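My plan is to begin with the whole chain and then move to single residues.

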Amino acid sequence: MTKKILILSVFVVASCGLAYELIAGALASYLLGDSVLQFSTIIGCYLFAMGVGAHVSKYVRDEDVLDRFIDIELAVGLIGGLSACVLFMTYTWMAAPFRTVLYVVVFMIGAMVGMEVPLVMRALNERRTGFAEIVSRVLTFDYLGALAVSLLFPLVLAPHLGLVRSGFLFGMLNVGVAIWTLYVFRAELTNLTGRALRAGAVMFVLAAGFMLAERMVEWGERGLFGDQVVFSTTTPYQRLVITRWKDDLRLYINGNLQFSSRDEYRYHEALVHPAMQAAPWARRVLVLGGGDGLALREVLRYPHVQEVTLVDLDPAMTRAFATNPELVRLNANALNDRRVKVVNRDAAVWLQNEAGMYDVAIIDFPDPSSFALGKLYSVPFYGVLRKHIAANGLISVQATSPFFAPHAYWTIEATLREVGLRTWPYHLYVPSFGEWGFILASPQGRFQLAERYTLPMRYLDAETTRAMFTFPPDMQRLPMPPNRLDSQSLVREFEEDWNRVVR
């Protein structure tokens, strides 16, 4: 019976160890971007630390193996359980040391997790278990635990519990293993009362954290964003936060501002109307990204538009902007318009399987801050998109800032040209963003600046439109290579550009 208890402990501790690794990687990706870099460095640090822990475990005396195993479970439970909360609060209130704290925490957890399996194997060896059986059973349950968490984390835990609460949950599981081991092996342990009291105290702290996790996240986000948080959710794809200050609603995705309701009309008029005004014959329009429905709102103002397909990866995004009264008012109930078809899929995958043709495409993806987003600005993606646009149709692309991120901006423009599209770059000033850039493109069509707009505009007129398509000396074209899928140079250019200007 005691052997089975130890083997089941391996399943739980393996699950918890991988969970802490995934939580740290996901949190770092949300807050710092570039998921490949974050996960690669965190996995590397974690595995190195596990090796250190495995080496250190040999210094534990045979008679102390179970005592040290329980001590390590309590320590892992406490540090791992608190890790997401500590890291998030560190970033929101004192961002400078975040990376240092991140890798220190990952190393500490990894080192202790690295000690767990060798200690269990030694405990089994003391109970006259054959070496072949020890290795096969321990590693089997170790890998099964990892499989269980790798499936549960993206499908259940992250979207429904969130990262902070998931951390507390797995911390309690580690402490549960410690308490379980205390009870089963009580006759073989020293200082039983002291360890039981410590286990109870740690479990109380983690349980309290689990209950208060949402409140702590809200408190941290208020420190990060500075305004009242009126809506927040963690999805399998991203962290969505909406804040309010007086009459200003702001949407943040993974901590990055997407719009301010005070000036979003400038951005969305510039994104949509130069293309739509130049295509008065457009009947079918494609919107990629833009799950907030604000670009869609502008498209639907044209009475000749008969059908709009909006493709956004995250159903939580489109659901919030289709049902929340304040957000519905902001986008004029665009997502519930009878002419609109909403598709919640990866735009790149959806385009590969789509057979329809469109007259105008509005591309409103988040900035290319990760490889998952960078593929949506790549040569293969634009090549497939081109096949779905009428020969004289138009594509309008959100393309980050030509002033703050000029290398990234002109890389996007070069990528569009690489697939045979004619391009017309332009820019405008959005107070909440600064100078921002867009690119019009067409397979064969011509583009002519609007002398007047058939619909009333808050910002655009003939004069502001002419100004948008004129670049001053400090924003002139840069000779950049296109963004290819295998290298994704755009992601690197974007990060380097913004690192030069963000403190």
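I count a contact when heavy atoms lie within 4.5 Å. With that in hand, I looked at contacts in this predicted model. Among those with a separation of 6 or more, 73% join residues 24 or more positions apart.

Overall picture. I found 16 helices and eleven strands in the protein. I then boxed the C-alpha atoms along the principal axes and got roughly 90 × 45 × 45 Å.

Surface and burial. Of the 503 residues, 57% count as buried. The protein exposes about 21,800 Å², and carbon and sulfur atoms supply 59% of that area.

Charges. I noted 46 positive and 46 negative side chains. The centres of the two sets lie 3 Å apart.

Glutamine 38. I went to helix α2, residues 35-56, where glutamine 38 is found. Is glutamine 38 buried or exposed? Its relative accessibility is 1%, so glutamine 38 counts as buried, the cut-off being under 20%. Leaving out residues up to four places away in sequence, I listed what glutamine 38 touches: Gly25, Ala28, Ser29, Leu32, Gly33, Arg99 and Tyr103.

Leucine 144. My next stop was helix α5, residues 131-184, which holds leucine 144. Leucine 144 has a relative accessible area of 40%, so I logged this residue as partly exposed. That label covers values between 20% and 50%. Which residues form a nonpolar patch on the surface with Leu144? I wrote down Leu147, Leu151, Leu152, Leu155 and Val156. Together with Leu144, they have about 540 Å² of accessible area.

Key
Residues numbered from 1 in each chain as written. Predicted model: local features only at pLDDT ≥ 70, side-chain atom pairs only at ≥ 80, totals over all residues. Heavy atoms only, no water. Patch = residues over 30% accessible without salt bridge, like charges linked within 9 Å, V, L, I, M, F, W, Y side chains within 5 Å. Areas by Shrake-Rupley, 256 points an atom, 1.4 Å probe, with all protein chains shown as cover. Salt bridge = Lys/Arg side-chain N within 4 Å of Asp/Glu carboxyl O. Helix = DSSP H or I, 4+ residues; strand = E, 2+ residues; numbered from the N terminus. Buried < 20%, exposed > 50% of the residue type's maximum accessible area, 1.4 Å probe, protein only. Lys, Arg positive; Asp, Glu negative; His and termini not counted. Charge placed at Lys NZ, Arg CZ, Asp CG, Glu CD.
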